[in-house]
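Dear colleague,

My findings follow it, and I would be grateful if you could read them alongside the coordinates.

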Amino acid sequence: MSKPLVSIVDVRKNFGDFQALKGVSLDIHAGEVMCIIGASGSGKTTLLRCVNQLVQPDSGAIWIDGELNAFRIEGNRLHHLPEKEIARQRLATGMVFQRFNLFAHMTALENILEGPVRVLGRPRAEVVAEARALLARVGLADKENSYPANLSGGQQQRVAICRALAMKPKLMLFDEPTSALDPELVGEVLQAMKALAAEGMTMMVVTHELAFAREVADRVVYMDGGVIVEAGTAEEVLGNPQEARTKAFLAAVLS
């Protein structure tokens with residue numbers, strides 16, 4: 001099998017006395033869609049934030065496309081990277097949060113242009129064409145001049161997905177992207193994510209949408225108490241779980 005795009009090795013993270021992650025190890029290969037499920041407080045979001053370097057692990061290591069997060073190896077020593085280098089590394093990942101976090105004073109198109117133009121320094125005219133193509137991909141070609149206040153929650157989240165994709169990341173991270181949406185708006189966001197998966201985008205998705213995980217995920221990971229309890233195909237984990245904790249969680253969610 002090819003070398004993993006993402007390799008997470010024995011990652012641990014404490015917040016005071018609370019152990020959010022207790023030695024998590026996981027590989028994700030290019031083009032793979034991994035859905036992470038579990039109850040609130042199980043460590044799912046913390047794991048994503050460690051991958052994206054919004055949170056630095058207390059110990060362990062994360063490699064993305066062969067590059068070690070946050071550190072440079074010289075001989076037998078590790079040297080912590082300066083913030084500028086960490087910011088560069090962070091560009092390898094695009095993250096979509098529960099809340100849309102769009103700039104309220106910018107149109108949908110301007111929200112998408114902001115990163116490529118201001119952060120990457122790319123020509124605006126070149127990026128405009130790409131941003132419009134992204135909006136068309138998620139069914140929002142007619143909303144480029146709309147401000148967030150005039151968009152539904154589902155539309156705002158799709159713009160947020162476009163904004164992340166505009167940076168051309170190697171990996172997309174989704175942290176419960178439908179949890180803040182009204183039920184009738186969930187489907188349109190999931191449809192956009194399904195299209196991304198079909199195009200071969202590598203994705204780590206923290207989700208409570210088990211039907212989505214069953215349909216789209218190459219692998220499902222169940223976390224509880226800061227550890228990976230069970231991992232496998234969607235059919236294995238959701239259809240025939242082996243661990244008692246997984247069975248109890250699914251029974252509670254599906255009841």
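Please note that the model is a predicted one. Threonine 246 is part of helix H9, which covers residues 244–254. When neighbours within four places in sequence are set aside, the contacts of threonine 246 are Tyr222, Val229, Glu230, Val237 and Pro241. Glutamate 130, by comparison, is 116 residues from threonine 246 in sequence, and the two C-alpha atoms are 42 Å apart in space.

**The protein as a whole**

The protein contains 9 helices and 12 strands. Its radius of gyration is 19 Å, close to the 18 Å given by the globule rule for 255 residues, so the protein is as compact as a globular protein of that length. The C-alpha trace spans about 55 × 50 × 40 Å along the principal axes. Of the 255 residues, 50% are buried.

**The packing of H3 and H5**

Two packed helices are described by the angle between their axes and by the distance between those axes. For helix H3 (residues 108–119) and helix H5 (residues 153–165), the angle is about 25° and the axes are 8 Å apart. Because angles under 35 degrees count as roughly parallel, H3 is roughly parallel to H5. The crossing of H3 and H5 is right-handed. On the H3 side the contact is made by Ala108, Asn111 and Ile112, and on the H5 side by Val159, Cys162 and Arg163. Sorted by class, the contact of H3 with H5 has 4 nonpolar residues, 1 polar and 1 charged.

Most residues other than glycine have a negative phi. Which value does phi take in aspartate 10? It is near 50°, a positive value in a residue other than glycine. Aspartate 10 belongs to strand S1 (residues 6–15), and at 33% relative accessibility aspartate 10 counts as partly exposed.

Asparagine 101 is not a glycine either, yet has a positive phi of about 55°. Asparagine 101 is located in the loop between strand S8 (93–96) and H3. With a relative accessible area of 48%, asparagine 101 is partly exposed.

Yours sincerely

Technical notes
Residues numbered from 1 in each chain as written. Predicted model: local features only at pLDDT ≥ 70, side-chain atom pairs only at ≥ 80, totals over all residues. Heavy atoms only, no water. Axes fitted to C-alpha atoms, helices over the stretch in contact; angles between N-to-C directions. Helix = DSSP H or I, 4+ residues; strand = E, 2+ residues; numbered from the N terminus. Parallel < 35°, antiparallel > 145°, perpendicular 65-115°, else oblique. Left-handed = near helix turned anticlockwise from the far one by under 90°. Contact = heavy atoms within 4.5 Å. Nonpolar A, V, L, I, M, F, W, Y, C, P; charged D, E, K, R; others polar. Rg over C-alpha atoms; globule rule 2.2 N^0.38 Å. Buried < 20%, exposed > 50% of the residue type's maximum accessible area, 1.4 Å probe, protein only.
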